[in-house]
Amino acid sequence: MAFVSAIAIGLLILLTHSDYGMTWDEEVQKTYGNLILAYFGSGFANKFAMDYLDLKFYGGAFELLVQLVTYWLVPLTGADLFDVRHLLNALTGFTAVFFAYRSVRLVASGRAAFAAAFLLITMPRFWGHSFNNPKDIPFAAAYSLAIFAIIRFVLEFPAPSRKAAVQLGLMIGLAMAVRVGGLILWAVLALAWLLQWAARGGRPVQFLTLRNFSRMSLAFGVAWLTMILPWPYAQADPFFRPLETLQLMSHFAWTQTVLFDGQMMPAPDLPSTYLPVWFAITLPDHFLVLFLGAILIIALGRLCRRDGRHQESVEDGEAPPRFPAATFFFLAAVLPVLIAIVLDSVVYDGMRHFLFVLPLLSMGAALLVDRALEQKARWLVTGWIAVSVGSFALVFLDMVQLHPYQAIYFNRSTIGGLAGAAGRFETDYWGNSYRAAAHWVSQHYPAGTAVSTCGAEAQVDYYLNHSEYMAREQILTDILWGRRPAVDLVPLLQKGENRQGKYPIVKTGAKLFLATTRFHCHLSQPGEVVYKVMAQNVELLRVVQVR
């Protein structure tokens with residue numbers, strides 16, 4: 001069942017990956033990957049990657065891999081550059097699903113593991129982001145892999161092996177090599193260690209041994225080295241720069257305004273309820289039904305058989321205590337959100353920076369669902385399953401109707417779906433809809449039509465002036481690899497402003513203006529609205545013919 005499902009998901013990814021548009025950060029992420037590749041390819045002589053925008057503060061593990069693939073595959077096959085990136089991004093997202101399955105399988109049945117994978121893959125926001133979010137999906141995948149390593153490590157209590165320590169270091173290090181915030185995984189490891197210690201009777205002597213200290217030191221050393229290897233900026237000062245970056249990113253200086261509950265607020269002034277509200281309105285309905293229903297059924301089951309449970313515990317008393325996996329998954333999910341709230345970290349773009357929490361929520365909920373299915377109140381379980389199936393049918397319908405904009409999904413239970421959220425919360429904050437708008441312009445306006453946008457020059461340039469864009473991309477690659485002199489490099493690293501091509505991208509004097517609803521940018525240019533990109537009857541972007 002699991003294998004067949006994986007094949008079906010892989011085919012679906014293959015068939016739909018080219019439907020997703022280029023998002024805000026993909027241009028600079030792609031360039032950063034190119035710069036990292038040039039850094040290593042030049043024998044560390046080309047140091048542009050060490051000072052490229054704020055991307056220098058991100059590890060290069062994912063972008064280095066993607067750039068290596070696209071560097072060879074795109075010229076060889078003629079495939080679309082960003083279609084290839086979206087395919088690789090989606091496969092990375094599927095990696096998170098795979099390790100959600102593997103993590104649960106370490107501590108529970110195959111049914112529970114399948115439920116974890118199902119709950120994650122059917123989260124519309126996770127599915128949508130998987131295709132064109134090169135920052136948060138790779139981190140979510142690496143984080144899931146690290147969670148798997150943490151569980152396997154603590155299950156070897158009281159004396160983990162050297163092999164488990166090395167694997168733990170590699171997997172946590174990989175998360176840190178995508179985003180330095182992966183350092184929080186050491187706190188997650190400590191949490192798992194404490195839970196295992198408590199489950200085993202709380203005898204500290206079993207944990208505080210020289211062998212365990214050496215294993216932890218080995219894991220930490222491997223992780224730090226893994227983090228540094230693909231990160232040029234950190235290599236200049238391998239100890240202080242990662243810590244400096246962690247401090248900087250926890251209070252990231254992003255001061256633009258954010259639409260939250262119908263009000264435009266500067267990001268630093270958002271209330272502490274920002275993240276909890278976003279989780280509440282974007283977790284899919286069937287997840288909420290399964291999760292809350294499982295809690296209710298388990299609680300009722302315990303109330304109805306207290307005596308029976310006591311007898312069972314006596315009979316099974318010789319069995320070794322089990323790792324409290326559900327508790328671990330939920331506490332590990334809450335921990336980073338709580339830290340962000342306590343530190344008053346700057347948050348924006350909904351909960352996308354916390355997509356890595358979704359696999360943990362799926363794992364924890366899957367264990368509760370599996371336990372609830374074992375309860376004896378069959379009539380209650382049957383009704384709960386029926387409601388869950390019905391709610392999933394609506395979520396699936398939403399995913400189909402929203403395609404390829406599943407990343408703007410809102411649940412029906414708490415906010416009334418996308419229609420209920422529009423105007424109150426941000427929808428297409430990443431510019432996925434520019435692809436559809438650009439294609440419409442190319443079919444309805446002749447070459448030479450000047451176009452302006454609301455900060456999305458790179459996306460529009462790519463889709464309207466694809467040949468010119470790819471020619472500049474080749475020039476940039478040749479310069480970075482020393483095949484051309486390094487002249488006029490700065491304009492090539494810009495995001496597309498005032499580029500002359502089939503459809504000139506200009507700041508002033510444009511005939512057409514393309515803008516999403518973010519920042520109310522679609523209202524900033526007077527003129528005739530000639531086209532709108534819509535999802536479930538909600539406007540995402542408009543094309544304005546300037547008067």
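In what sense do strand S1 (residues 257–260) and strand S2 (residues 263–266) pair, and over how many bridges? In this predicted model, S1 and S2 pair in the antiparallel sense, and 4 bridges connect them. Within this pairing, Val258 stands opposite Met265 of S2. The hairpin formed by S1 and S2 has 2 residues between its strands, and Asp261 adopts a positive phi near 55° there.

A further set of strands forms an open sheet. The sheet contains 4 strands in the order S3-S4-S6-S5, with mixed pairing. Strand S3 (451–453) and strand S5 (527–535) are the edge strands, each pairing on one side only. On average, neighbouring strands of this sheet are turned by 20° against each other, direction ignored. In general, the strands of a sheet pair through backbone hydrogen bonds, in either a parallel or an antiparallel manner.

S4 and S6 run antiparallel, with 5 bridges between them. The bridge partner of Leu512 in S6 is Gln545. S5 pairs with strand S6 (residues 538–546) in the antiparallel sense over 8 bridges, and Glu528 has Gln545 as its bridge partner in S6. Helix H21 (residues 434–444) packs on the sheet and touches strand S4 (512–516), S5 and S6. The direction of H21 makes about 160° with that of S4.

The burial of S4 was examined residue by residue. S4 is mostly covered, 5 of its 5 residues being buried. Both faces of the strand are covered: Leu512, Leu514 and Thr516 are buried on one side, and Phe513 and Ala515 are buried on the other.

Burial also characterises one of the helices. Helix H6 (residues 124–132) is largely enclosed by the rest of the structure, because 9 of its 9 residues are buried. The buried residues of H6 are Pro124, Arg125, Phe126, Trp127, Gly128, His129, Ser130, Phe131 and Asn132.

Leu14, located in helix H1 (residues 2–16), is partly exposed, with a relative accessible area of 49%. Leu14 contributes, together with Phe3, Val4, Ile7 and Leu11, to a nonpolar surface patch of about 530 Å². Leu68, in helix H3 (residues 61–77), likewise counts as partly exposed, at 39% relative accessibility. The C-alpha atoms of Leu68 and Gly33 are separated by 8.5 Å, although these residues lie 35 residues apart along the chain.

Charged side chains were considered next. A search of the whole structure finds 18 salt bridges. In one of them, the side chains of Lys135 and Asp25 meet at 3.1 Å, N to O. Lys135 lies in the loop between H6 and helix H7 (136–154), and Asp25 in the loop between H1 and helix H2 (26–41), so the pair ties together parts that are 110 residues apart in sequence. Lys135 is buried, with a relative accessible area of 12%, and Asp25 also counts as buried, at 16% relative accessibility.

A salt bridge between the side chains of Arg111 and Glu374 has an N to O distance of 3.8 Å. Arg111 counts as partly exposed, at 42% relative accessibility, whereas Glu374 counts as exposed, at 53%.

The side chains of Asp51 and Lys56 also meet in a salt bridge, at 3.2 Å, N to O. Here Asp51 is exposed, with a relative accessible area of 58%, whereas Lys56 counts as buried, at 16% relative accessibility.

Terms used: Residues are numbered from 1 along each chain as its sequence is written. This is a predicted model: local features need pLDDT of at least 70, side-chain atom pairs count only at pLDDT 80 or more; totals for chains, interfaces and linings use all residues. Side-chain values use heavy atoms; hydrogens and water are left out. Patches are made of residues with over 30% relative accessible area and no salt bridge: like charges are joined within 9 Å, nonpolar side chains (Val, Leu, Ile, Met, Phe, Trp, Tyr) within 5 Å. Accessible areas come from the Shrake-Rupley method with a 1.4 Å probe; for residues, only the protein chains shown count as cover. A salt bridge is a side-chain nitrogen of Lys or Arg within 4 Å of a carboxyl oxygen of Asp or Glu. Buried means under 20% relative accessible area, exposed over 50%, partly exposed in between (1.4 Å probe, protein chains only). Two strands pair if DSSP finds at least two bridges between them. Axes are lines fitted to C-alpha atoms, for helices over the stretch in contact, and angles run from 0 to 180 degrees between N-to-C directions. Contact means heavy atoms within 4.5 Å.
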